[in-house]
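Please look at the sequence and structure first.

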Amino acid sequence: MTDASRLARVQSSFDRQGLMQHLGARVVRVASGLCVIALPYSDKVTQQQAGFHGGAIGAIADIAGGYAGLTLAPDGMEVTSVEYKINFLAAFQGGELRATGHVVKAGRRLIVTTAEVIHIDAEGRESACAVMQQTLMAVPQSY
């Protein structure tokens with residue numbers, strides 16, 4: 001499978017995700033065992049102190065890891081999260097978050113991934129925001 005076909009597979013699935021569309025997230029990069037998702041700062045992703053909400057951070061980490069796993073799943077299969085654990089490292093306002101998901105191990109039934117979330121400020125400076133570990137399960141595609 002080529003990176004172009006992986007991107008098409010991921011983008012097609014991503015476009016069906018109402019939450020990602022609502023939050024304004026976008027797919028940045030897809031390769032074998034890798035996916036990068038961006039989330040710009042907006043009033044849709046904030047908590048009461050105007051920082052990025054932990055739920056939004058967790059969502060893009062989950063999506064980046066999940067789509068990294070999908071790049072290695074067989075045709076006709078999707079992936080679903082079984083669990084994830086996330087550590088929030090710092091809070092941020094403004095700019096954009098980037099979640100980079102990597103496959104650690106792709107087994108026959110379970111896929112283990114990690115995701116690193118960074119904040120990129122208006123001047124392009126990058127800072128660590130969160131790290132996640134995730135377990136996925138391959139399931140038959142239902143659409």
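The model is predicted; local features need pLDDT of at least 70 and side-chain atom pairs count only at pLDDT 80 or more, while totals for chains, interfaces and linings use all residues. Residues are numbered from 1 along each chain as its sequence is written, and side-chain values use heavy atoms, with hydrogens and water left out.

**The helix pair**

Helices (H or I, at least four residues) and strands (E, at least two) are DSSP runs, numbered from the N terminus. Helix H1 covers residues 3-14 and helix H3 covers residues 54-70; their axes come within 10 Å and cross at roughly 135°. The axes are lines fitted to C-alpha atoms over the stretch in contact, and angles run from 0 to 180 degrees between N-to-C directions. H1 and H3 are therefore oblique to each other; angles under 35 degrees count as roughly parallel, over 145 as roughly antiparallel, 65 to 115 as roughly perpendicular and the rest as oblique.

On the H1 side, Arg9, Val10, Ser13 and Phe14 meet Ile63, Tyr67 and Leu70 of H3, where contact means heavy atoms within 4.5 Å.

Relative accessible area is classed as buried (under 20%), exposed (over 50%) or partly exposed (in between), with a 1.4 Å probe and protein chains only.

| Residue | Relative accessible area | Class |
|---|---|---|
| Arginine 98 | 24% | partly exposed |
| Aspartate 121 | 18% | buried |
| Glycine 69 | 0% | buried |

Glycine 69 lies in helix H3. Leaving aside residues up to four places away in sequence, glycine 69 touches Val79, Val103, Ile111, Thr113 and Leu136.

Arginine 98 belongs to strand E4 (residues 96-106). The side chains of arginine 98 and glutamate 96 are joined by a polar contact of 2.9 Å. A polar contact is a pair of N or O atoms within 3.5 Å; within protein, one must be able to donate a hydrogen and the other to accept it, and residues adjacent in sequence count only if both atoms are side-chain atoms.

Aspartate 121 sits in the loop between strand E5 (110-120) and strand E6 (126-140). Its side chain makes a polar contact of 2.9 Å with the side chain of arginine 125.
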